[in-house]
Amino acid sequence: YPLCALSPTTAKSIICTWRSKPMGFKWPKEVDERPLVQRFDGKVAHFKDGSSAEVDVVMMCTGYLHKYDFLREELRLKSRNVLYPPGLYKGIIWQEGGNGKLLYCGVQDQYYTYTMFDVCALWAVKYIEGEMAIPDEKTRESDWKGWVARNKALKDGHEEIDFQTDYVQELARDCGSDYPYDLDVSEMFHTWKGHKANNILTYRDQSFASKYTGVQSPIHHTNFMYALDDSLETFMHQKK
């Protein structure tokens, strides 16, 4: 989540500096967005738009970076943090070396997280056990390149949600009766995306019902913006 969303409780003001485009959320008055910082003169930061500001702390948020120095050069996945990294058949089997025996699991950027990891892991196990037939090299290459091209064409977060929904559903179908679950929770993700666009400060306070049990999740006793104590005792027993 954006660290700057915590500004009302942890800092008097925050400036988010961006390289390609601003995040564009409806920030509180304590948060500002400016083009990429160019240099520092002591405690004064100078930004690409010519503006400047005195700052006390600089936090460099790098995102997730793929780094596999323990592997030989031809075996290393080199990619930005995207929904479908290149060179991976089914997002799992490395195609640039390794003779089909190097598997990457869970290296995608994520909406689905644990459910995706779960089905990826089963797919990999079935492949290792010889239960997952794969096509010839040309077909595998065409398949992953098709996914990568589609990933690059996505216009917004809602299209990203549908894209990854298709991906996890395909893996589940491949696993057949060993994975008889409908993982499609795209409706929840679209709603969540709307909550985030409407109010970056409260979207984590919303409640959803389990797709599988229908049980509604309880509203946490403390607003996310102010729930800074994550101890078990406080989580379980604190009152509003």
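Gly130 follows helix α2 and has a positive phi, near 80 degrees, in what is a predicted model. The helix that precedes Gly130 spans residues 114-128, and its 15 residues reach 21 Å from the first C-alpha to the last, close to the 21 Å expected at 1.5 Å a residue.

Within α2, the buried residues are Met116, Val119, Cys120, Trp123, Ala124, Lys126 and Tyr127. They lie on the same side of α2 because they cover an arc of only 165 degrees around the axis. Tyr114 and Ile128, by contrast, are exposed on the other side of the helix. The cover over the buried residues of α2 includes the elements tabulated here.

| Element covering α2 | Residues |
|---|---|
| β6 | 88-89 |
| β7 | 93-94 |
| α4 | 157-175 |

The largest nonpolar core has 29 residues, and those touching the most other members are Tyr84, Ile92, Tyr112, Val119, Trp123, Tyr167 and Leu171. The elements giving two or more residues to this core are α2, α3 (137-152) and α4, and α4 gives the most, with seven residues.

Which residues does Trp123 contact once its neighbours within four places in sequence are left aside? Trp123 is then in contact with Tyr89, Lys90, Ile92, Ile93, Met132, Ile134, Leu171, Asp174 and Cys175; among these partners, Ile92 and Leu171 also belong, like Trp123 itself, to the core residues that touch the most other members. A second, separate core has nine residues, including Leu71, Leu75, Leu77 and Tyr104.

Methods: Residues are numbered from 1 along each chain as its sequence is written. This is a predicted model: local features need pLDDT of at least 70, side-chain atom pairs count only at pLDDT 80 or more; totals for chains, interfaces and linings use all residues. Side-chain values use heavy atoms; hydrogens and water are left out. Helices (H or I, at least four residues) and strands (E, at least two) are DSSP runs, numbered from the N terminus. The expected span of a helix is 1.5 Å times one less than its number of residues. Buried means under 20% relative accessible area, exposed over 50%, partly exposed in between (1.4 Å probe, protein chains only). The arc is that of the directions from the helix axis to the C-beta atoms. Contact means heavy atoms within 4.5 Å. A nonpolar core is a set of buried Ala, Val, Leu, Ile, Met, Phe, Trp, Tyr and Cys residues joined through side-chain atoms within 4.5 Å.
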